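Please look at the sequence and the model together before reading on.

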Amino acid sequence: VLFLHGAGERGSDNEKQLVHGVSLFLKPENRKNYPCIVLAPQCRAGSYWGSVQVNREKAPFTLDFDYRRRITPDLRLAIELLKKVLKKEGGDRDRVYITGLSMGGMGTFEAVYRFPKLFAAAAPVCGGGDVARYSKKAARVPFWVFHGDRDNVVEPRHSRDMVARLKQLGAAVKYTEYPGVGHDSWNPAYAEADFLKWLFSLEK
């Protein structure tokens with residue numbers, strides 16, 4: 001499982017990413033039922049998982065998704081790390097999963113777009129992506145997309161648009177939008193009773 005943290009965890013602060021999300025896979029009962037290797041790479045300060053450009057002068061932020069830009073060094077390094085661990089640990093290449101929060105949700109969409117043959121399933125939370133360039137090859141990966149309808153950091157329309165595009169491409173996609181929930185949508189998303197069951201039931 002490749003876990004991409006949100007923008008608030010850039011630099012050297014791993015505490016939030018370990019609490020929000022990664023801990024889900026480390027709970028004793030989950031380790032018993034769903035044994036896995038969890039990778040939580042750290043994004044450098046000021047860097048980004050995705051090629052999105054952000055206008056911080058506006059609230060909510062204006063997000064400009066355009067996959068014609070180069071892949072960011074951080075996302076490339078995360079994928080290289082994943083491939084090296086798979087090779088070293090002999091992981092099941094048919095059961096590689098990706099999830100991420102906010103900036104990590106954007107990175108999740110982009111990682112699947114750029115490396116569609118790598119992942120068996122993806123779960124972006126509070127993210128978004130380049131709807132115009134999302135293609136059939138990336139839509140072969142099953143998605144479960146989460147967002148809160150009161151998110152004023154990353155507007156829920158970004159997830160809605162991505163879900164609509166994935167459905168248009170024939171992807172197996174689930175969408176859960178939480179009423180009255182803001183940018184902390186990962187709390188209910190990762191508390192979904194069937195989330196791990198869904199994730200680990202999928203293979204290429």
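The buried residues of α3 are Asp 74, Leu 75, Ala 78, Ile 79, Leu 82, Val 85 and Leu 86, where buried means under 20% relative accessible area, exposed over 50% and partly exposed in between, with a 1.4 Å probe and protein chains only. These residues lie on the same side of α3, because they cover an arc of only 140° around the axis, the arc being that of the directions from the helix axis to the C-beta atoms. The model is a predicted one, in which local features need pLDDT of at least 70 and side-chain atom pairs count only at pLDDT 80 or more, while totals for chains, interfaces and linings use all residues. Residues are numbered from 1 along each chain as its sequence is written, and side-chain values use heavy atoms, with hydrogens and water left out.

Helices (H or I, at least four residues) and strands (E, at least two) are DSSP runs numbered from the N terminus. With 17 residues, α3 reaches 24 Å from its first C-alpha to its last, close to the 24 Å expected at 1.5 Å a residue, a span computed as 1.5 Å times one less than the number of residues. On the face of α3 turned away from its buried side are the exposed residues Lys 84, Lys 87 and Lys 88, whereas the cover over the buried residues includes β1 and α4, contact meaning heavy atoms within 4.5 Å. Gly 90, with a positive phi near 65°, follows α3.

The largest nonpolar core has 42 residues, of which Val 112, Phe 119, Tyr 134 and Phe 143 touch the most other members; such a core is a set of buried Ala, Val, Leu, Ile, Met, Phe, Trp, Tyr and Cys residues joined through side-chain atoms within 4.5 Å. The elements that give two or more residues to this core are β1 (2-4), α3 (73-89), α4 (103-114), β6 (143-148) and α5 (157-168). A second, separate core of 26 residues includes Val 1, Tyr 97, Val 125 and Phe 146. Leaving aside residues up to four places away in sequence, Tyr 134 touches several residues, among them Tyr 67, Phe 109, Met 162 and Arg 165.

Ser 102, in the loop between β4 (97-101) and α4, has a positive phi near 55° although it is not glycine, and it counts as buried at 8% relative accessibility. Cys 126, in the loop between β5 (121-125) and β6, likewise has a positive phi, of about 55°, and counts as buried at 0% relative accessibility.
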